[in-house]
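Thanks for passing this one along. Here are a few notes to read with the model open beside you.

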Amino acid sequence: MVLTNEIIRNKLTEKFGDQLGDWSEPYGTLTFTSDKNLNLKVLQYLFDEPSLGFQFLTDLCAVHYPDNEGKELAVIYHLHNLRENVRIRYKIFTDIKKPDVFSAYALYSAANWMERETYDFFGVNFLGHPNLKRILNIEEMEYFPLRKEYPLEDQQRTDKDDEMFGRI
Amino acid sequence: MPRPVQYNITNKPLEQPISFVSSPDGYMGQGFFASKFSDVVGLARKNSIWPLPFATSCCGIEFMALMASHYDLARFGSERVSFTPRQCDLLMVIGTIAKKMAPVVRQVYLQMAEPRWVLAMGACASSGGIFDTYSVLQGIDQIIPVDVYVPGCPPRPEAVINGILRVQDLVANEDLRRRHSDRYKELMETYGIQ
């Protein structure tokens, strides 16, 4: 039987009811959100349930929405069912003042480095991660570069043409 | 239709089939030649600079062209590219240096024996270039002293040859006591070296 988005959605609604929301299908990929504290339960269900079988974590990343008050940081899981070749996207949102999210490392080993990268660039604090430190940037860096809040580099410098670097 | 080539199309006759380095200024008589020791040392150093290429990106491709037969840096006594810093005189930093790479460049520089020179090739090594961003070092002169900057993105091999010739000028005219002077030590201290 082909695993359609409808089946996945019905299965998840059956299990979690109204706790999942914002269902959409951009470019045919089923996308939904939930409360951030529910993330491990949802992922565990998607992993364990034999008819779903999303056992491959393609990508884990974050997005910063500075205007989305109280839900500034989105953490996004891209999951893949390799047997049926079906992908879904699962989003959770967290407050930037307390960006604590449970780590999916115990479930998907691939989450180890991906969560480190997400921490490195967005400062999402993954609770339960075995080694949450910067992975790509220098360790002395004091900010999270992909958050839309810091000016990049020295604003006072005159050796580079501001217009060419989008600073006007 | 290919663009017509508008340069290097007329063959110029060679002025001299082989050019030799001229001897330094001095006093010559029958059977002897007197000159300054520093001139002789400078002459020797200048024409046998061993470069250490620290190539990280596209400028490295231009550097390969520079070293290959067409541009042939060997003509200027620098054919001996060495990949151990301990034997080299000239550190050529070629390409974008990320902040994470900065300690490596610095360590390579520290491992070179005095006297040592540094050439920054290309916009990225000189100033960070187009990469005005959190991950890129905005010019290697933030971590090590630089003698010659070669602008360009990437610079053509001719420009790098010109840069090497400017390094040769510095090497030839450098005072033998410069590296022991207080001024030089002060310069090094601004970079936190020694």
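**Notes on the predicted model**

1. The largest pocket has a volume of about 440 Å³. Of its 15 lining residues, the closest to the centre are B:S19, B:F20, B:V21, B:R75 and B:F76. If you sort the lining of this largest pocket by class, you will find six nonpolar, six polar and three charged residues.

2. Next, please have a look at A:L46, which sits in helix α2 of chain A, a helix covering residues 39-48. Is A:L46 buried or exposed? Its relative accessible area is 0%, and buried means under 20%, so A:L46 counts as buried.

3. What does A:L46 touch, leaving aside residues up to four places away in sequence? The contacts are A:L12, A:F32, A:L52, A:G53, A:F54, A:L79 and A:I88. For a sense of distance, the C-alpha atoms of A:L46 and A:R116 are separated by 23 Å, and the two residues are 70 apart along the chain.

4. My last stop is A:N112, found in helix α3 of chain A, which spans residues 111-122. A:N112 has a relative accessibility of 17%; the cut-off for buried is under 20%, so A:N112 counts as buried too. Not counting residues up to four places away in sequence, A:N112 touches A:Y105, A:H129 and A:P130.

Terms used
Residues are numbered from 1 along each chain as its sequence is written. Chains are lettered from A and ligands numbered from 1 in the order in which they are written. This is a predicted model: local features need pLDDT of at least 70, side-chain atom pairs count only at pLDDT 80 or more; totals for chains, interfaces and linings use all residues. Side-chain values use heavy atoms; hydrogens and water are left out. Helices (H or I, at least four residues) and strands (E, at least two) are DSSP runs, numbered from the N terminus. Buried means under 20% relative accessible area, exposed over 50%, partly exposed in between (1.4 Å probe, protein chains only). Contact means heavy atoms within 4.5 Å. On a 1 Å grid over the protein atoms alone, a cavity is a set of points where a 1.4 Å probe fits but cannot get out, and a pocket is an open set with protein on both sides within 12 Å along at least five of seven lines; lining residues have an atom within 4 Å of a point. Grid points are joined across faces, edges and corners, and a volume is the space filled by probe spheres set on the points. Ala, Val, Leu, Ile, Met, Phe, Trp, Tyr, Cys and Pro count as nonpolar, Asp, Glu, Lys and Arg as charged, and the others, Gly among them, as polar.
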